[in-house]
Amino acid sequence: MPEITILKRPREEAVITQRMFFKKTARGKVIKVLRERYLRDDISCGVDGCRACNSTAQTVLSRSGDTTHKDFPTGHYILPDTNVFLAQMDLIESNYFTPPIIILQTVMEEVRHRSLPLYSRLKALTTTDERKVWVFYNEFRSETAIVREDAETPNDRNDRGIRKAAEWYNAHLALAHPPIRGQPKLALPKVVLITDDFANRQKAEKEKIPCISVRNYVDGMKNSDQLLDLLSATGSDEVEPTRAVAGRTALYADYLPMSTLVAGVKAGQLHQGHFNANQYNYLEGTVPVPAFTKPVLLAGRENMNRAVQGDVVVVEVFDEREWKAPADEVIDQEATLKNDDAEDSEEEGDDLMVHEHESKALRAEHAKKAPTEKQPTGRVVGIIKRNWRAYVCHIDSTSLTSSNATSLGLQTVFATPVSRLLPRIRLRTRQAPSLIGNKILVTIDRWEITSRYPEGHFVRTLGKAESKEAEQESLLLEFEVPYRPFGKAILDCLPPEGEQWVVPPKSATFSEWRDRADLRDLIICSIDPPGCQDIDDALHARRLTNGNIEAGVHIADVSHFVHPETAMDNEAAARGSTVYLVDKRIDMLPALLGTNLCSLRPHVERLAFSVIWEMTVDAEIVDVRFTKSVIASKAAFEYGEAQLRKDDPKLNDNLTQSIRLLNSLAQKLKAKRMAAGALNLASPEVKIHLDSSESSDPVDVEQKALHETNSLVEEFMLLANTSVARKTQESFPQTSVLRRHLPPPPTNFEKLQDILQKRKGLKLDVSSSAALADSLDKCLDPKEPAFNTLVRIMATRCMLSAEYFSSGSVSRDTFGHYGLASPIYTHFTSPIRRYADILVHRQLAAAIGYTPLHPSLHSKMHVERIMEVVNRRHRMAQMAGRASVEFYVGLALKGRNEREKEVTEDAFVIRTFRNGLGVFVSKLGLEGLVMFKRDTQFDAENYTISVPSSDIGRPDVTISVFDKVTVRIEVEKDKNTQRGRVKMTLVSPVDSRAL
């Protein structure tokens, strides 16, 4: 037996090797945590050919470092501190910024603690092959590990640890480059500490550590002109404020301390919520808060107090006597502030003029309104969490002081975001003339109390405005859609056989067949939209010998290929959803799975997850079973093709009979849903005809045609989702992934109810979903068949959004889906394009005993965290899809403008303003504004506006909500988006060009 020697560590070493910290539990109890830290002396420095380190260790840093910097001609490596990564990540990620970087473990941990999104970007930087980045675990190397001293703050401890590592590296490089006898001593490369903390630089200089600020370092680089614009204003203590900011009086109130905000919210004196800007009026915003049924109105720049769309803010609500109603006028930021100067916009004279403009725009027009229209009004007193990110913008050409294309002088200009919900951003750049006409990315850095505008920095150019490539990328960036190619680690998770993978022959020796039902002989088919390649679902129906009907929904078994906690699973969770644009698709999963191995193509054996019901002829469910299966679809139909087949009296084969049987059951299932109170809502959906798949130029737009087969598929998908929800919730009551649609507050419908009552004499009962469905059916206009659809579209906008949730996170009585009138619901039927469905598949597989549930899906906290990401990605995917349609509708209309003398369409008035109309063109699914420059008579209470007649001597023309009008549609370049914007003017009942 070998001799075992136990070495006991001396007590004095415990100070170094033990880490103590305090942690707060979920119940609020503070506990002391003591962790052992094992120190080593063999952690590599990462420098190639280092003789002092383990010769077998991996290295990424070149022996001489970077020799192109003017201040470090003998070579150098940079070692940035934490704040450099927090403030200057755009610079660090730039392709022009190429020095070898040493990232300390201390810095990585601090970045992770301060900002998870930045930590993710930092991790991605460490794995890229294009950059020389080395992560050094200084907390575990015996020479660089330090202990927090008495009365030392955590920040000071980390700064000292960073300096200690920089000092060690410079001493270590001398050992890595020993002198050679007989040769002159070579100058050694340096490890340079990069920090914008002046006190930290002073200490480093005192300790003889090479150090420099970010701005001074960039100034010394050979491509400094491209990099200086990337510097964040908040990151450097050497950036001078613009003249517009320096020496100015405060325009906004200071935010309250965070402790005061938290205590105020807890006591109910203050209220927390997300800030929503008004798309029609840049001087108004709202904050929905739980304490009030209506959102808190923020009227005026001072009351919005530098909040930006999506920020989590804290508001103070005024006394009820000061409550107001939203303004009835369209107030455009571009028009009101068109003469504002980017550099001198805070001069006293300009202040007074702008204040006069804005005060006039916010005049007390709400005084005539009924008291019931007023809503809680308040002001922002603090920010809990900023939603700042990189925004797609363009440079306002009127804000340039010099348009000389060769000028490299620093200019302060305005960057106008594509989104009308965002303020203009003040930007300092040397490239302003060359950026005109381009889409660019800009990040907000700060918003001082002395400045009307936030300040930001340039990130990169996307391309020429109106070019399809730039427009498409800007759309994806604007809605934060991840569109990077799938990396090697993700692709390595795919089956090694690639496209040659097939379901193996049926045998107990193959794991694919374990506990799977062989359904290859069933007459199964898929019915999808035109051009669908990622076929998630297929169906079948057949009569049983007992007179009942067997119906089945078969869903692609994506979870067979996507395993928990793998690189592909993590990427799918981060993406959350496939994004469908007009001319392309941003996949959640690699194409090999989405359009091939998982897609239920016809005449190919595929793995599936099946839900099979036994039903009576009246669609009453007798039994339901869930099983993993192998299927072979017999056909893949488009909706129109399936409809033609069903309706063709000459066809009576098994496949056609199956479709007819499914359709018969679907009609009865829908009738039962409607009787239970399900809503038949509407949304404007159009189909865009492209010139060809190669050019993707739109040639025409039309409303989508809906067939009976659309409803057939929808009903069975709803039934499958409901059946699966019941099963998984029974098995996993605490962590089941479900989807709910909360009932909307009745106040959401007040405006629509009032309009219907006053304009059409119709009542809208919103006491329940069944009452709402019944009253929507009665909202008819015999003279206008499209009126009912319009009302349904407007009612849809009053609804809350459906959301994913974990069953153990909310009370059981809030599980229901209001729109579907279902007590429980989930998403199971689209795992190729929705990550939530993959989780549901895993839970269902565990519920039927096919496989154990992964530990992560037993954690309520983990599921809640994923649901938060998936909900956000789902919303963004929807908005990106709509924006893509809007862009292509604009392109199609631009083509029509060129071919036709004048494009006119019928439209409905959906909103009236003091200076314009909101109209909806149902044929194009397009909403727009018709603006009037002349004074009009506006009756806010009756939703009418009276405008002068086109004919001299004729009385004024009165236009009301729900009136049908004819609009002239033109496409002009939008100042915000720098792309074609649809402009509408009235043709009838009055020509608004004269107004």
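Buried means under 20% relative accessible area, exposed over 50%, and partly exposed in between, with a 1.4 Å probe and protein chains only. Helices (H or I, at least four residues) and strands (E, at least two) are DSSP runs, numbered from the N terminus.

This is a predicted model, where local features need pLDDT of at least 70, side-chain atom pairs count only at pLDDT 80 or more, and totals for chains, interfaces and linings use all residues. Residues are numbered from 1 along each chain as its sequence is written, and side-chain values use heavy atoms, leaving out hydrogens and water.

**Strand β17**

Strand β17 spans residues 438–446. Nine of its nine residues are buried, so the strand is largely enclosed by the rest of the structure. Two strands pair if DSSP finds at least two bridges between them. The pairings of β17 are tabulated here.

| Partner of β17 | Sense | Bridges |
|---|---|---|
| β14 (residues 390–395) | antiparallel | four bridges |
| β18 (residues 455–464) | antiparallel | eight bridges |

Ala-390 stands opposite Thr-443 in β17. Arg-446 stands opposite Glu-455 in β18.

**Asp-229**

Asp-229 lies in the loop between α9 (224–228) and α10 (258–267). Asp-229 is buried but has no salt bridge (a side-chain nitrogen of Lys or Arg within 4 Å of a carboxyl oxygen of Asp or Glu). Arg-430 is the nearest side chain of opposite charge, 4.2 Å away. Lys and Arg count as positive, Asp and Glu as negative; His and the chain ends are not counted.

Among the residues that Asp-229 touches are His-457 and Phe-458, not counting residues up to four places away in sequence. Contact here means heavy atoms within 4.5 Å.
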